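Hello! Here are a few notes to read alongside the model. Please keep the viewer open as you go through the points.

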Amino acid sequence: MAIEAASSLHRPIKIWTDSLSSLMAIFNPKSRHSMVREIQTLLLSHKHIHLRWLKPHVGYLGNECADQLAKEAITKGDTFYLTKPLSYLKYEIRSAALSIWQDNWDNGETDTHDIAPRVSSKPVGWNREELMFVTGHGPFPSYLHRFNLRTHDNCSCGEKGDPMHYATKCRCTLSWHFQTPTVSLKLQWLKNILTNNLSRTRLRLLMHFICDENILNVEDNN
């Protein structure tokens with residue numbers, strides 16, 4: 001702004017600043033920053049303008065006044081309109097995207113919402129087997145029946161073959177059974193498993209067994 005104001009004058013002008021980093025950026029011929037390149041172009045076409053550095057906070061009257069004006073510009077946003085940094089714009093875009101994602105997640109139809117109610121760009125840390133169990137999207141009769149890949153959703157033992165059945169009731173998976181929770185505590189039961197390393201290991205072994213033993217999902221045509 002100061003350079004643009006000085007460009008209309010036809011006498012030698014010195015502009016002092018206490019921002020050494022800004023001067024270094026301007027004096028760098030390889031800089032790719034658009035604002036820096038614009039300043040460099042102005043200085044090349046107005047050779048009567050010279051930039052100088054001064055030490056900050058040592059009592060220079062002009063520098064102290066500039067600091068005071070800068071503080072007022074920050075606190076009086078309705079009077080001074082400052083260009084927002086790229087980091088701020090990235091934050092705003094990310095926040096808006098997460099908000100839209102959260103709305104879609106809240107209004108969707110999935111049981112996983114109860115386990116992970118808040119969306120995040122950070123991975124939850126679940127592996128493939130744990131994801132299959134939590135979502136129910138795996139080699140379960142209950143899931144295959146939804147897509148007409150089975151005529152019924154029963155396990156080979158006769159009960160509904162969903163993840164909870166294999167984890168607590170099926171006689172074919174006794175080695176990996178967990179204690180059966182009450183209906184009201186089912187969600188907390190699952191959260192406890194996913195936050196305990198030993199329980200997660202047992203859950204992964206259970207899922208490996210279900211995936212390997214196709215007999216659990218074979219239909220009894222008799």
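1. A salt bridge here is a side-chain nitrogen of Lys or Arg within 4 Å of a carboxyl oxygen of Asp or Glu. By this rule the count comes to two. Please bear in mind that this is a predicted model, in which local features need pLDDT of at least 70 and side-chain atom pairs count only at pLDDT 80 or more, while totals for chains, interfaces and linings use all residues. Residues are numbered from 1 along each chain as its sequence is written, and side-chain values use heavy atoms, with hydrogens and water left out.

2. Which residues are linked in a network of salt bridges? They are E130, R200 and R204. The E130 and R200 side chains meet at 2.8 Å, N to O. E130 lies in helix α7 and R200 in helix α11, so this pair ties together parts that are 70 residues apart in sequence. (Helices, H or I with at least four residues, and strands, E with at least two, are DSSP runs numbered from the N terminus.) R204 meets E130 at 2.9 Å, N to O.

3. R204 is partly exposed, at 25%.

4. Next, the nonpolar cores: sets of buried Ala, Val, Leu, Ile, Met, Phe, Trp, Tyr and Cys residues joined through side-chain atoms within 4.5 Å. The largest has 22 residues, and F133, W189, L194, L203 and L206 touch the most other members. Helices α7 (128–135), α9 (163–168), α10 (186–194) and α11 (197–212) each supply at least two residues of this core. Another core, of nine residues, lies apart from it and includes A6, L23, I26 and I49.

5. W189 deserves a click. Leaving aside neighbours within four places in sequence, W189 is in contact (heavy atoms within 4.5 Å) with residues including F133, M164, F178 and P181.

6. Finally, have a look at Q40, in helix α3 (residues 34–45). Is Q40 buried or exposed? Q40 is buried, with a relative accessible area of 12%. A polar atom of the Q40 side chain lies 2.8 Å from the backbone oxygen of I26. Not counting residues up to four places away in sequence, Q40 touches A25, I26, N28, P29 and S31.

Definitions and conventions: Buried < 20%, exposed > 50% of the residue type's maximum accessible area, 1.4 Å probe, protein only. Polar contact = N/O pair within 3.5 Å; in protein donor to acceptor, adjacent residues only side chain to side chain.
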